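Let's take a quick tour of this protein, starting with the whole chain and then zooming in on a few spots. Keep the 3D view open as you read.

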Amino acid sequence: MAQSPDGPLTTMRLSLPRSPSYFFVLLVPVLVVALALGAINWSALQAMRDLQESALAQRTADLEAVTTAASFNRGLDDIQRDVTQLLEQAGAGRIGQADAYRVHVDVVNRIAALEPRLASLRIGRQEREAVRQSFETYRNATLTATDLAVVNPLGAMQSAIQAAQGYALLSRETYAIAEAVTLAARQQGEAQAAELRRLAASSS
């Protein structure tokens with residue numbers, strides 16, 4: 001309370017400026033910082049999500065490549081086992097021509113079924129041509145061996161030896177594919193993990 005020179009005491013009142021610009025001056029920098037941080041976090045999270053989706057797609061493709069190579073090689077193993085058994089039975093006189101022919105037809109069909117898998121193998125152009133030649137050598141020698149198993153056991157055995165050489169080359173190629181895909185997958189996984197850690201650090 002203060003004494004007025006001309007009258008009774010009056011109350012002194014202080015008033016703050018009520019202009020909206022005063023609040024904007026205080027609020028806008030805070031909002032800008034908050035929005036900038038939000039944009040950085042959203043961008044980092046989006047990048048992390050994209051990286052994880054890309055990694056999942058790559059792992060799926062790698063798994064498919066290994067599965068295709070393994071399936072192809074397993075098909076070769078099964079055919080080679082049956083051809084060897086046929087030749088052993090023919091050499092011992094334990095199988096007739098009709099039964100041997102049925103085995104031959106079965107082998108023809110199973111080798112034909114391997115060709116689409118051969119085309120799906122993840123290999124380069126030069127490697128693909130080499131594998132194709134090995135496959136053709138294996139196919140021709142195997143079919144000759146099964147066709148001659150009863151009527152010409154000696155000729156069948158000679159063809160079987162040639163088929164075994166083609167089989168060894170094909171098996172080596174398919175195992176190499178699986179090893180290469182596995183190595184590449186591990187390296188990609190390590191690189192993706194490092195990138196995820198970087199993105200996580202930038203969003204924190």
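The protein chain has four helices and zero strands, so if you read along the sequence you get the pattern α-α-α-α. Keep in mind that this is a predicted model. Of the chain's 204 residues, 25% count as buried. Among contacts between residues at least 6 apart in sequence, 76% join residues at least 24 apart.

**Helix 2 on its own**

- Helix 2 runs over residues 97-120, which makes 24 residues.
- From its first C-alpha to its last, helix 2 reaches 36 Å, close to the 34 Å expected at 1.5 Å a residue.
- Which residues of helix 2 are buried? They are A100, H104, V107, I111, L114 and L118.

**Helix 2 meets helix 3**

- Helix 3 covers residues 125-148, and helix 2 packs against it at an angle of about 175 degrees, with the two axes 9 Å apart.
- Angles over 145 degrees count as roughly antiparallel, and therefore that's the label for helix 2 and helix 3.
- On the helix 2 side, the contact is made by A100, H104, V107, V108, I111, L114, E115, L118, A119 and S120.
- On the helix 3 side, the residues making the contact include R128, V131, F135, Y138 and L143.
- Sorted by class, this contact has 11 nonpolar, four polar and five charged residues.

- T68 is found in helix 1, which spans residues 20-91.
- Is T68 buried or exposed? With a relative accessibility of 16%, T68 counts as buried, because the cut-off for buried is under 20%.
- A polar atom of the T68 side chain lies 2.8 Å from the backbone oxygen of E64.
- Leaving out residues up to four places away in sequence, T68 touches R117, S120 and L121.
- One of those, S120, also turned up in the contact of helix 2 with helix 3.

- A160 sits in helix 4, which takes in residues 153-203.
- Why does A160 count as buried? Its relative accessibility is 11%, and buried means under 20%.
- What does A160 touch, not counting residues up to four places away in sequence? Its partners are L87 and A145.
- A160 and L143 are 17 residues apart along the chain, and their C-alpha atoms are separated by 9.0 Å.

Definitions and conventions: Residues numbered from 1 in each chain as written. Predicted model: local features only at pLDDT ≥ 70, side-chain atom pairs only at ≥ 80, totals over all residues. Heavy atoms only, no water. Helix = DSSP H or I, 4+ residues; strand = E, 2+ residues; numbered from the N terminus. Expected span 1.5 Å × (residues − 1). Buried < 20%, exposed > 50% of the residue type's maximum accessible area, 1.4 Å probe, protein only. Contact = heavy atoms within 4.5 Å. Axes fitted to C-alpha atoms, helices over the stretch in contact; angles between N-to-C directions. Parallel < 35°, antiparallel > 145°, perpendicular 65-115°, else oblique. Nonpolar A, V, L, I, M, F, W, Y, C, P; charged D, E, K, R; others polar. Polar contact = N/O pair within 3.5 Å; in protein donor to acceptor, adjacent residues only side chain to side chain.
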